Amino acid sequence: GMMGSGTMTVKANTWTATGSSTIGATTMRDRCTLEFGAGNSTLAVKCESSTDGKTWNPTVEGKATKK
């Protein structure tokens with residue numbers, strides 16, 4: 001199984017999440033930024049992961065627009 005924990009902070013329209021998860025003997029560090037546009041009509045997401053806390057690799061990046 002997988003187990004994880006983290007923290008999310010909110011400042012204005014930007015939410016920042018950091019955390020870690022363990023799968024077997026591997027621990028992954030994760031960080032994500034979510035930015036909400038004017039009127040919450042858009043959302044930009046960028047997430048990265050790392051096994052050593054120094055080298056980060058993109059895992060999710062995208063933009064959503066409310067219709």
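Trainee: Is Trp15 buried, partly exposed or exposed?

Mentor: Happy to start there. This is a predicted model, where local features need pLDDT of at least 70, side-chain atom pairs count only at pLDDT 80 or more, and totals for chains, interfaces and linings use all residues. Residues are numbered from 1 along each chain as its sequence is written, and side-chain values use heavy atoms, with hydrogens and water left out. Buried means under 20% relative accessible area and exposed over 50%, with partly exposed in between (1.4 Å probe, protein chains only); Trp15 has a relative accessible area of 33%, so Trp15 is partly exposed.

Trainee: How do the rings of Trp15 and Phe36 pair: stacked, edge-to-face or tilted?

Mentor: Rings of Phe, Tyr and Trp (its six-membered ring) pair if their centres lie within 6.5 Å; planes under 30 degrees apart count as stacked, over 60 as edge-to-face and the rest as tilted. By this rule there is one aromatic pair. Here the centres of Trp15 and Phe36 are 5.2 Å apart and the planes stand at 55°, so the pair is tilted.

Trainee: Which residue lies over the face of Trp56?

Mentor: A charge sits over a ring if NZ of Lys or CZ of Arg is within 6 Å of the ring centre and within 35 degrees of the ring normal. At 3.9 Å from the ring centre of Trp56, the residue is Arg31.

Trainee: What is the handedness of the disulfide of Cys32 and Cys47?

Mentor: A disulfide is a pair of cysteine sulfur atoms within 2.5 Å, and those of Cys32 and Cys47 are 2.1 Å apart. The torsion about their S-S bond is about 120°, so the disulfide is right-handed.
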